[in-house]
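Subject: Structure handover

Hello,

Here is the structure I promised you. Please open it and keep it on screen while you read my notes below.

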Amino acid sequence: MSSKFLMYVVKRFLMALLTIFLVIAITFFVMHAIPASPFSSEKAKSDATIAALEAKYGFDKPVPVQFLNYLKNILHGDFGLSTKWIGSTVSDLIMGGFSYSAQLGLGAAALAIVCGVILGALAALCRGRMLDKIIQVVTTGLVSMPSFVIATLLLIIFALKLKVLPTMANQEGGMILPTLSLSLYPMAYITRLERSSMLDVLGQDYIRTARAKGLRNNKVIFKHALKNALGPVVTYAGPMMASILTGSMVVENIFSVPGLGRLFVNSMLRTDYMMIMGVTIFLAVMIVTMNFLADVIYKLLDPRIDLS
């Protein structure tokens, strides 16, 4: 591993840390800029009670002091106490919801990547034929619809009309529809991305040289063309996970998945400031980490990339 590559990794890592810090700072100060207290909307609470609650949660201290304490607690994995789910820590609630969101997100991402790469490669290899045209029409339709529209259509067709899949995530097979809802859009996008990349690679000189040397077509496709065509897909993997995580907020509510998305929506409806900040920062850390890993993997897949 070259020193130049290590410097690239360190640089990307420091940029990721800076991004996370900015997200924490912006989220914290925006939430604290809201004039109302998180307890002021509650009924039958006197000013003394609200003041006692603010002291318990540390809201009575100056905002800069609160920010420094919050940063120190985050470094230990402590996002504070929920102001609405009494007796529960934000960290415990996030990890409980993340177990469902991770299952949903990873399943959707894996399905999108595998099916997207296969369909994109097939479309490129069958360029101009009927299969290529069908794939392009279907993917064009899917990329034009957001995940919540797809979720609604799947719910109506497979759960209400055909009655072959359940409507709730806690039932047997209940994760199939939400996983499909989140995977179809990125799968369609990856298919189109892989098709374009594959067509570009198949037209390169080294592919023509490999075929001129008498290499079998399967070896040329899988060893040379497919590997080099994966670069744009890997680059898209980070933003794709961001899209899946944010898109899951609506989808999780549609299918009653007790994940981070549903937790975030409920915390907004209940004005739970600590929960809103915790979920926002947690998702930001996940997204930044995925983008960082995608950048590193992209370089490993294609050493020709200029690291400057």
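Cysteine 115 is partly exposed, because its relative accessible area is 25%, and the cut-off for buried is under 20%. Cysteine 126 falls under that cut-off. Its relative accessibility is 15%, so cysteine 126 counts as buried. Keep in mind that this is a predicted model.

Next, go to helix H7, which covers residues 176–202. Serine 181 sits in this helix. Is serine 181 buried or exposed? Serine 181 is buried, because its relative accessible area is 0%. A polar atom of its side chain lies 2.7 Å from the backbone oxygen of leucine 177. Serine 181 also has contacts beyond its neighbours within four places in sequence. These partners are Ser147, Ile150, Ala151, Leu154, Val251 and Phe255.

Now look at helix H6, residues 147–161. Isoleucine 157 is part of this helix. Its relative accessibility is 40%, so isoleucine 157 counts as partly exposed. Isoleucine 157 also belongs to a nonpolar surface patch.

To find your way around, start with serine 181, buried in helix H7. Then turn to isoleucine 157, partly exposed in helix H6.

Best wishes

Conventions
Residues are numbered from 1 along each chain as its sequence is written. This is a predicted model: local features need pLDDT of at least 70, side-chain atom pairs count only at pLDDT 80 or more; totals for chains, interfaces and linings use all residues. Side-chain values use heavy atoms; hydrogens and water are left out. Patches are made of residues with over 30% relative accessible area and no salt bridge: like charges are joined within 9 Å, nonpolar side chains (Val, Leu, Ile, Met, Phe, Trp, Tyr) within 5 Å. Accessible areas come from the Shrake-Rupley method with a 1.4 Å probe; for residues, only the protein chains shown count as cover. A salt bridge is a side-chain nitrogen of Lys or Arg within 4 Å of a carboxyl oxygen of Asp or Glu. Helices (H or I, at least four residues) and strands (E, at least two) are DSSP runs, numbered from the N terminus. Buried means under 20% relative accessible area, exposed over 50%, partly exposed in between (1.4 Å probe, protein chains only). A polar contact is a pair of N or O atoms within 3.5 Å; within protein, one must be able to donate a hydrogen and the other to accept it, and residues adjacent in sequence count only if both atoms are side-chain atoms. Contact means heavy atoms within 4.5 Å.
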